[in-house]
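Hi,

Here is the structure I promised to pass on.

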Amino acid sequence: MKKMMRFTKINLAATLAVITAVSYVTFVEVKASQETDDRVSADAVWNPAGEDINEISQLCETAQVADHNECFIDEMGEYASSPAVAFTESLAGLGQARVGYLTGLREAGGVDIGYVAYPSSPDFRRGWVMVNGIPAIVDADDLNRLPQSEMERDPQFAALRAKHPQIRLWNDDNDRKPDVLPQEEPLPEGGQRFIIDYSLKDNCRTCTLLGHASFGFDFDPAGKFLGIKFVKVSTANTLPQTK
């Protein structure tokens, strides 16, 4: 009888151990699945045919800006994958006026770089985002988030402003080429800094390029966004010459 009771206890303990192990494995698998589902992957990339964009634009051309963006996303579902539409919805959720979709993705470590097209924007049609960190999307081209007061205290910027009183930052397609990655620097304890350049021009988009202002987007080792720091101003005569 005692042997049977010991045998029963051993079996019960073994059974509980198996249940615990299975539960843990299931939890890990579900957790991993959730984390994977939250990531922006190559499935979210959309490279539409020209007629696709034209058809969507024609359907949505009479709508106001907010309604146009919603219309674009609705119609996009007829041509693009669900992950591509989900990315566009998430990007629109950041509150910017222009609607965009992901055209490319480059791995850069814990946080990756996404290339975005803005089909309805008349002036600025290419942009960059940092994805797969916390939050899932950080828009590099939201000028309102940049600490411009730090830039304005820089001696190089002050010298430019003395000659060009209306100088300001501009989004420029030439700064967001799809075959280029932003400069990356390691931060202490394993974090990442992406250095993003912005054009400095007089008070018009087509004015002569006067220089660039560079800002660092910092992430900790877990991919959490820490904020934006002003880095430097480079004047046009010190910029690398492009062919």
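To start with: is C204 buried or partly exposed? Keep in mind that this is a predicted model. C204 comes out as partly exposed, because its relative accessible area is 25% and buried would need under 20%. Its partner is C207, with an S to S distance of 1.8 Å in the disulfide. C207 is partly exposed too, at a relative accessible area of 22%. The link between C204 and C207 is right-handed, with 115 degrees about the S-S bond.

Searching the whole structure turns up two disulfides. C60 and C71 are joined by one of them, S to S 2.0 Å. This pair ties together distant parts of the chain, eleven residues apart: C60 sits in helix α2 (residues 50–60) and C71 in helix α3. The C60 and C71 link is left-handed, at -80 degrees about the S-S bond. As for cover, C60 is buried with a relative accessible area of 1%, and C71 is buried with 17%. If you number the bonded cysteines in sequence order, the pairing reads 1-2, 3-4.

Then there is the charge on the surface. D67, E70, D74 and E89 gather there in a negative patch. Helix α3 (residues 65–76) supplies the largest share of that patch, three residues. D67 lies in helix α3 and is partly exposed, with a relative accessible area of 45%.

Cheers

Notes: Residues are numbered from 1 along each chain as its sequence is written. This is a predicted model: local features need pLDDT of at least 70, side-chain atom pairs count only at pLDDT 80 or more; totals for chains, interfaces and linings use all residues. Side-chain values use heavy atoms; hydrogens and water are left out. Patches are made of residues with over 30% relative accessible area and no salt bridge: like charges are joined within 9 Å, nonpolar side chains (Val, Leu, Ile, Met, Phe, Trp, Tyr) within 5 Å. Accessible areas come from the Shrake-Rupley method with a 1.4 Å probe; for residues, only the protein chains shown count as cover. A salt bridge is a side-chain nitrogen of Lys or Arg within 4 Å of a carboxyl oxygen of Asp or Glu. Lys and Arg count as positive and Asp and Glu as negative; His and the chain ends are not counted. The place of a charge is taken as NZ of Lys, CZ of Arg, CG of Asp or CD of Glu. Helices (H or I, at least four residues) and strands (E, at least two) are DSSP runs, numbered from the N terminus. Buried means under 20% relative accessible area, exposed over 50%, partly exposed in between (1.4 Å probe, protein chains only). A disulfide is a pair of cysteine sulfur atoms within 2.5 Å.
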